[in-house]
Structure formats: structure tokens, C-alpha cells
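Please consult the sequence and the model shown here while reading.

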Amino acid sequence: MDSDIALTDLHGEHRAYDRDDGKFRRRFRQPSVTQREFTLPPADQGKDAWLFLAGCFMVEALIWGFPFSFGVFQEYYTTHEPFSPGPSGIAVIGTSSTGIMYLSCPVLFAVFKRWPHVRRHCTLVGLAINTLAIIAASFATQVSHLILTQGVLYAVGGVMIYCPTILFLDEWFIRRKGLAFGIMWAGTGVSGVVLPFIMSALLTRFGFRTTLRAYAVALMVLALPLLYFIRPRLPLAQTSLQRRLDLSFLRTTAFWIPQSANVAQGLGYFIPGIYLPTYATSQGMTGTEGTVMLALVNMGVVFGAIWVGALTDRMHVSSVMALCSFGAVLAVFVFWGLAVSMPMLCLFSLLYGLTAGGFSATYTGIVQLVKEQDTAADTGMIFGFLAVGRGIGALASGPLSEALLHMQTWKGEAKLGYGTGYGLLIVFTGITAAAGGTSFIARRIELR
């Protein structure tokens, strides 16, 4: 039997895999008839690529949409038994869920680099853990129980689905990578538009226990068939099992300058999503109107992720980060800071989601920037450490925001939104949004 397997790639070039030394060799002759030939599905186009992206979009919506709709649960838990008598720590539930998912990414990417054959199996295990976490949360009687289940355990399952999806998407889309990631991440926004209304209605009518159990069933029924489409484009090579984990990119300025901006932006990014429904009710609005604010933020994320992803394919990533930061600063200091009525809060919610919500879609541009300086850098590990930066912000923003709100700075002294008791939260969110654009300034200094 011939020792070579020929692979025909998107461009019609033949690569032969030699079983004897475990290496791919590029060949410009036609493969012999004794070789087995496999045609790879095309990247950036074709039915398979778009079905894969549609599956990613829906899985992203189901997995990330739940924690990003936590503001509705925040408002419910703080006003209903058995959690309202001791509401301290409720904000940590949502931020621990998103934060741990982000922080766990490098570990999972390292595991998949060493054992790539487990990637698809992990998505199934992750879905089972997600479902069990939500069901377990429905039996909670203390805030600490919710932190462990709806927060930590849900995050463990979520990251086991999320990380393989990132790696597979990097194979399926090359020229349109930024746009593809933007479309996938827009799934979170779409889910965040719909889920708050569904959750709010279910919580009001049935309470949190039935609501969580219903979502657990819906998650399993909807997500399980979609995992069929979440598959790699490229066949596994034995060489991938022997590659050393290369973290040399962590010593480059191309990584640390945008990463610093990423961490700073993440410290404040999650605060509006946590507190907007509570802020709205504190200003005399109804719970439904508070849900509308959260939905508008997520609606902005839908368009923001796609818009920013497409821009990242065409502009330098530092310029795109600066545009996102400028829009978010304007939204926070003007529209939230001056808002005590629903129209202004609606404008804030939409603009904030469009700009700050699209910030993570710049990650594909950061990956490209790092790989230009360090060609040996692994895409998955770069994404993983960018996610760590986001996770630090997500985890820290929970207890930090509670402490800032507890201070009640400028309440009754300042005007409009700044004098509501949320003034310090507004200012902190605006400052961190501005810090997200610092990589643009650093690049200008470097060019000089």
C-alpha cells in the first residue's frame, strides 16, 4: 500500500502526507492512482462553510446569551425570596459565569493543541455540563449556590463548547475571518435581544425555579442538533500531536499593547449589562422597561460585532479599537450620565451595544498583528490570552461594581444620572471605555 495520502486544498494544490516521517510535503505533480484523494471543502465560501457559520451563530446565541441576559435575573433575585434578604454577591453570579469562561480559554486551547482529537467530544460534554448547571441552579436556596451553579459550573460547560468553535472557525474562514467572527459573536446579541423578554415573562409568572428548568430543556433540545455542524475543516495531522506549545508572543509589544487596552475596557464593559434593569426601576420605570434597555444593548451588539469585524478586515486594528472606544465614551458620559428618562436610556443602550459591544470583534485583528511580529504564535493561544484579559475584567467588575454602588457617591448632590447613586459607576464605565482606545495612541507614538 502506498505510504502517502494526497489532499487537494482550496487552490487545487496537492499536499501529500507521508506516513513514514509524519510530514506533509507539497507536490506540484498529479498524485498517482494508488493514492487516496480527499477534497477539502472550500474556505470562505460554499454550503459547508455557511452551514458551519450558521451553527456557530446559533450555539453562540444559546451559550453566551444566557449569562449576557443576567441583568433580568439580577433584578429578580434582589427583589424576591429566598435571595432578597441577603442580596450581597448576586452581581458575582453573572460576572463569574462570563469571567471564568474567558479565563479558562488558554487552558482549553493548550489541551486541544496537544490532543486535537478531543475537540468535538468536548462540545458534547460541555453541553451536558451546561444543562446540569442550570438544573442545579433551580434548586438553589442561597446566593452562594447560584454562584457555584449558574456562575462557575455553567462557565465550565460553556468554555468546552466555545473553544473548539473558535479553532474550527479559524480553519473555515481565511480572507473573511473578521467578518465571520463578527457574525458568530453577533449571536450573543440576538439572543440578548430575545432572551430578556422571555426570561422576564417566565420569572414573573412561574418564578426562577421553573424558568431555569425550562431553559435547561430548551438548551439541550436546540443546541444538540447544531453541534453536528460544528466540525473542523482540515483533517488531523499527526504532526499536530508533536508541536511544542510556543508562548513567545507573550514577550511582544504587539500583544501587550492591545491586551492592556482589552483588560481596561473589560473592567467596565459588563457593568451596564448588570445594572441597567435595576437602574431603570430605581428611576420609576417598570420592570418591562428595564428589560427593554438590556435588549437594546444586545441589539447594538448584533450590528456592532458584524460592523467591527468587517472593519478589522480592512483597517488597522488599533484604529478600530479607537473608534469603538470613542463611541462608548460618548454613550456613557452623555447619554447615560444625563439620563433619567426612558428615551435617553434607550439611546445609551443602543449606542453602547453598537460600540463597546463590538470591541471583542477586534480580536481577529490583534491575532493578525501578533502573528506578523511572531510567525510561530498559535492562533488559539493568542485568542485564549485575549480572553483572559476579558475574563479579568468580567470577574473584577462584579465585586468592584457592588463596592462602587454601595458608596452612593454624589447622590442628591449632582444632577441627572450622576446624582442617582449610580454616578460613580457611570464615571468608572466611561473611563474604562476610554482606556480601550489607548493602543491607537501607542501605535502613533511608535510610528514616530
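Pro-82 is placed in the loop between H2 and H3, where helices (H or I, at least four residues) and strands (E, at least two) are DSSP runs numbered from the N terminus. The model is a predicted one, in which local features need pLDDT of at least 70 and side-chain atom pairs count only at pLDDT 80 or more, while totals for chains, interfaces and linings use all residues. Residues are numbered from 1 along each chain as its sequence is written, and side-chain values use heavy atoms, with hydrogens and water left out.

The peptide bond that joins Glu-81 to Pro-82 is cis, with omega about 5°. Asp-44 belongs to the loop between E4 and H1. As background, most residues other than glycine have a negative phi, and most peptide bonds are trans.

The loop between strand E4 (36–39) and H1 also holds Pro-41. Leaving aside neighbours within four places in sequence, Pro-41 is in contact with Asp-48, Trp-172 and Arg-233, contact meaning heavy atoms within 4.5 Å. Pro-41 and Arg-233 are separated by 192 residues in sequence, yet their C-alpha atoms are 6.9 Å apart in space.

Helix packing comes next. The axes of H1 and H7 come within 3 Å and cross at roughly 40°; axes are lines fitted to C-alpha atoms, for helices over the stretch in contact, and angles run from 0 to 180 degrees between N-to-C directions. H1 is therefore oblique to H7, on a scale where angles under 35 degrees count as roughly parallel, over 145 as roughly antiparallel, 65 to 115 as roughly perpendicular and the rest as oblique. The crossing of H1 and H7 is right-handed; a crossing is left-handed if the near helix is turned anticlockwise from the far one by less than a right angle, and right-handed if clockwise. The contact of H1 with H7 comprises 25 nonpolar, 4 polar and 1 charged residues. In this classification Ala, Val, Leu, Ile, Met, Phe, Trp, Tyr, Cys and Pro count as nonpolar, Asp, Glu, Lys and Arg as charged, and the others, Gly among them, as polar.

For H9 and H10, the axes come within 8 Å and cross at roughly 150°, which means that H9 is roughly antiparallel to H10. H9 passes H10 in a right-handed crossing. On the H9 side the contact is made by Gly-273, Leu-276, Pro-277, Ala-280 and Thr-281, and on the H10 side by Gly-287, Gly-290, Met-293, Leu-294 and Val-297. These residues divide into 6 nonpolar, 4 polar and no charged.

Helix H11 (residues 317–336) packs with helix H15 (residues 423–435) at an angle of about 165°, their axes 8 Å apart. H11 and H15 are therefore roughly antiparallel to each other, and their crossing is left-handed. The residues of H11 that meet H15 include Ser-325, Phe-333 and Trp-336, and among their counterparts in H15 are Ile-426, Gly-430 and Ala-434. By class, the contact of H11 with H15 has 10 nonpolar, 3 polar and no charged residues.

Phe-335 also lies in helix H11. Not counting residues up to four places away in sequence, Phe-335 touches Leu-330, Met-344, Leu-347, Phe-348 and Leu-351. From Phe-335 to Tyr-352 the separation is 17 residues in sequence and 9.3 Å in space, C-alpha to C-alpha.

How many cavities of 30 Å³ or more does a search of the whole structure find? The search finds 4. On a 1 Å grid over the protein atoms alone, a cavity is a set of points where a 1.4 Å probe fits but cannot get out, and lining residues have an atom within 4 Å of a point. Grid points are joined across faces, edges and corners, and a volume is the space filled by probe spheres set on the points.

The largest cavity has a volume of about 260 Å³. Of its 22 lining residues, Glu-60, Phe-68, Tyr-102, Trp-185 and Ser-360 are the closest to its centre. Helices that give two or more residues to this lining include H1 (46–68), H7 (177–226) and H10 (287–312). The lining of the largest cavity divides into 15 nonpolar, 5 polar and 2 charged residues.

The second largest cavity has a volume of about 200 Å³. It is lined by 17 residues, and Pro-67, Phe-68, Phe-270, Gly-273 and Ile-274 lie nearest its centre. H1, helix H2 (70–79), helix H3 (90–103), helix H9 (271–282) and H10 each give two or more residues to this lining, with the largest share, 4 residues, coming from H10. The lining of the second largest cavity has 11 nonpolar, 6 polar and no charged residues.

Technical notes. 1 Å grid on protein atoms, 1.4 Å probe; cavity = no way out; pocket = protein on both sides within 12 Å on 5 of 7 lines; lining within 4 Å.
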